[in-house]
Amino acid sequence: MPERTLQAAMEAQCPLQIAGAINAYCALLAETVGFKALYLSGAGVANASFGLPDLAMTSLNDVLEEARRISGVSELPLLVDADTGWGTAFNIARTTRELIRAGAAGMHLEDQEQAKRCGHRPNKSIVSTEEMCDRLKAAVDARTDTDFVIMARTDAFAHEGQEASLDRVRAYIDAGADMIFAEALYTLNEYKAFTSAVDAPVLANLTEFGLTPCFTIEELRSAGIAIALYPLSAFRAMSNAALQVYRAILDEGTQRSVLDTMQTREELYEVLGYHAYEEKLDQLYAARRKKP
């Protein structure tokens, strides 16, 4: 059974590749193919569970429910998108404690205003360095598990530039952040600037169709990146596949032409361990039938 900490996963793989999982079954799929850590995206919760854009319309409880479901089926460490913490100091403290209770291995807080936007969209508004440091201090003070990672995400690069962003992340480390999430960078040299600026692991967010290119693991390693995040890759592919199936059924009156794109029932059962559950049921009922 894998140790449920991000630190252990990072020791096993460098850079650590973290797979985004929008639900518990996706977590099982990622674990099945060999990923060593999982990620719950705030955008993923909003998009997939509520059909909403990533514009701060979901709550802590919405995210907690998905985190519990994922940690309930997988022992892989789970990094959770905690947005801005859902409030001021006491709210952020509660967020920290509740995510630990939900089985998460870490969370990231960002320096956008509470009415946040997707990190790869324009017109983001950033709080002061002092306010973000207060957010981080509240989280660190509330931490009940020393292995729980508190990661500081900065969205300041787009408007304040590199030097101001580097000053910010240095302050965030001083405030107690364990790791840095440098959002929406463009080049490997920019990542190198961040990894050189702080003595802490730096995460690269490789979300597709955004501002950051799809760098390879080798390229990220050369820039000193410790974590490569793929927050919604599978969700995007799943959504496109679902559209193709829906269209085929509606247009052709049958699903025959798309059967070869589907996971089979037996493949589903294998991921779920279905047969083991069924055997357990058979044993229980057999025992009951034998009673006089």
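# Close-up views of a predicted chain

**Figure 1. The whole chain.** Among contacts in the chain between residues at least 6 apart in sequence, 70% join residues at least 24 apart; contact means heavy atoms within 4.5 Å. The model is predicted, so local features need pLDDT of at least 70 and side-chain atom pairs count only at pLDDT 80 or more, while totals for chains, interfaces and linings use all residues. Residues are numbered from 1 along each chain as its sequence is written, and side-chain values use heavy atoms, with hydrogens and water left out. Twelve helices and eight strands make up the chain's named elements; these are DSSP runs numbered from the N terminus, helices being H or I with at least four residues and strands E with at least two. The radius of gyration is 21 Å, close to the 19 Å that the globule rule gives for 292 residues, so the chain is as compact as a globular protein of that length. That radius is taken over C-alpha atoms, and the globule rule is 2.2 Å times the number of residues to the power 0.38. Along the principal axes, the C-alpha atoms fill a box of roughly 70 × 50 × 35 Å. Of the 292 residues, 46% count as buried, where buried means under 20% relative accessible area, exposed over 50% and partly exposed in between, with a 1.4 Å probe and protein chains only. The accessible surface comes to about 14700 Å², and 52% of this surface belongs to carbon and sulfur atoms; areas come from the Shrake-Rupley method with a 1.4 Å probe, and for residues only the protein chains shown count as cover.

**Figure 2. The largest pocket.** This pocket holds about 610 Å³ of space. Its lining has 24 residues, and the closest to the centre are Tyr25, Cys26, Leu29, Ala234 and Met238. Two or more lining residues come from each of β1 (16-20), α2 (24-33) and α10 (233-252). Helix α10 gives the most, with nine residues. By class, the lining has 17 nonpolar, seven polar and no charged residues. Ala, Val, Leu, Ile, Met, Phe, Trp, Tyr, Cys and Pro count as nonpolar, Asp, Glu, Lys and Arg as charged, and the others, Gly among them, as polar. On a 1 Å grid over the protein atoms alone, a pocket is an open set of points with protein on both sides within 12 Å along at least five of seven lines, a cavity is a set where a 1.4 Å probe fits but cannot get out, and lining residues have an atom within 4 Å of a point. Grid points are joined across faces, edges and corners, and a volume is the space filled by probe spheres set on the points.

**Figure 3. The second largest pocket.** The volume here is about 320 Å³. Of the 23 lining residues, Ala43, Asp54, Cys118, Thr207 and Leu232 lie nearest the centre. The lining divides into eight nonpolar, seven polar and eight charged residues.

**Figure 4. The cavity.** The structure holds one cavity of 30 Å³ or more, and about 30 Å³ of space lies in the largest cavity. Gly42, Ala46, Pro53, Asp54, Leu55, Ala56, Met57, Thr58 and Asp83 line this space. By class, five of the lining residues are nonpolar, two polar and two charged.

**Figure 5. Alanine 156.** This residue lies in the loop between β5 (149-154) and α7 (157-174). Alanine 156 counts as buried because its relative accessibility is 0%. Beyond neighbours within four places in sequence, alanine 156 is in contact with Asp111, Ile126, Gly161, Ser165 and Arg168. Threonine 144 is twelve residues from alanine 156 in sequence, and the two lie 29 Å apart, C-alpha to C-alpha.

Figure 6. Phenylalanine 181 has its place in strand β6 and is buried, with a relative accessible area of 1%. Apart from neighbours within four places in sequence, phenylalanine 181 is in contact with His108, Met151, Ala152, Arg153, Thr154, Leu203, Asn205 and Leu229. Alanine 184 is found in the loop between β6 (179-182) and α8 (188-197). Alanine 184 has a positive phi near 60° although it is a residue other than glycine, and it is buried at 4% relative accessible area.

**Figure 7. Backbone details in two other loops.** Cysteine 14 and proline 15 are joined by a cis peptide bond with omega of about -10°. Proline 15 is in the loop between α1 (6-12) and β1. Tryptophan 86, which is not a glycine, has a positive phi of about 60°. Tryptophan 86 is placed in the loop between β3 (78-81) and α5 (89-101).
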